[in-house]
Amino acid sequence: MSANILFPNTLKIPSLIIFIPCFLFLAAEMLLGIELNWMELEVSLPVVTDNPLFGSRQFFVWVERDIADLLLLSIAIISGVVFAFSKEKREDEMITSIRKDSLIWAFYFNYAVLIISIFLISGFDLFLVLALNMLSLLMFFIVRFQWQKRLLKNSLDAE
């Protein structure tokens with residue numbers, strides 16, 4: 001992964017500070033069913049279809065919707081991507097290799113979990129798993145990349 005397509009290292013910590021609370025709020029809302037009514041932003045939004053599975057099929061309509069969750073999810077995705085793909089202080093070939101391997105590993109792991117979930121979970125719970133799947137690839141990558149960097153650092157410190 002070429003270093004010129006990565007975000008600057010100065011964005012790493014601010015993006016992490018933004019990502020963690022957003023992810024925790026979303027996880028609490030989805031997994032624990034906690035309603036986060038701290039911010040209600042009712043807005044009329046254009047949508048491709050309002051409800052294709054349970055009723056009339058109307059296309060390209062305007063719907064009233066609370067966009068707090070949409071903003072939170074968008075901020076979580078953007079800040080997670082910026083954190084995951086920010087340059088390290090010392091971006092060398094070994095870090096690039098670890099980054100590439102971690103991305104491939106996260107991709108395989110994420111889709112393995114998704115396939116298993118499709119067969120083991122049904123109904124609305126499957127919808128929640130699919131929704132969390134938007135962030136899980138990012139989370140798997142971040143965890144594995146940070147873990148592998150720590151292992152590399154520890155092995156270099158031991159030598």
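User: What share of the 159 residues in the protein is buried, and what makes a residue count as buried?

Analyst: Buried means under 20% relative accessible area, exposed means over 50%, and partly exposed lies in between (1.4 Å probe, protein chains only); by that rule, buried residues make up 30% of the 159 residues. This is a predicted model, in which local features need pLDDT of at least 70, side-chain atom pairs count only at pLDDT 80 or more, and totals for chains, interfaces and linings use all residues. Residues are numbered from 1 along each chain as its sequence is written, and side-chain values use heavy atoms, with hydrogens and water left out.

User: Why is Phe 119 called exposed?

Analyst: Phe 119 has a relative accessible area of 70%, which is over the 50% limit, so Phe 119 counts as exposed. Phe 119 is found in helix H3, residues 93-120, where helices (H or I, at least four residues), like strands (E, at least two), are DSSP runs numbered from the N terminus.

User: How do you know that Ile 5 is exposed?

Analyst: The relative accessibility of Ile 5 is 60%, again over 50%, and Ile 5 is therefore classed as exposed.

User: What makes up the largest nonpolar core?

Analyst: A nonpolar core is a set of buried Ala, Val, Leu, Ile, Met, Phe, Trp, Tyr and Cys residues joined through side-chain atoms within 4.5 Å, and the largest such set has 20 residues, of which Leu 26, Ala 76, Ala 84, Phe 141 and Ile 142 touch the most other members. The elements giving two or more residues to this core are H1 (12-31), H2 (68-84), H3 and H4 (123-158), and H4 supplies the largest share, 7 residues. Leaving aside residues up to four places away in sequence, Ile 142 touches Gly 80, Phe 83 and Ala 84, where contact means heavy atoms within 4.5 Å.

User: How do you know that the span of H2 is close to the expected one?

Analyst: The expected span of a helix is 1.5 Å times one less than its number of residues; for H2, with 17 residues, that gives 24 Å, and the helix reaches 24 Å from its first C-alpha to its last. The buried residues of H2, including Leu 72, Ala 76 and Phe 83, pack against H1, strand S2 (59-66), H3 and H4.
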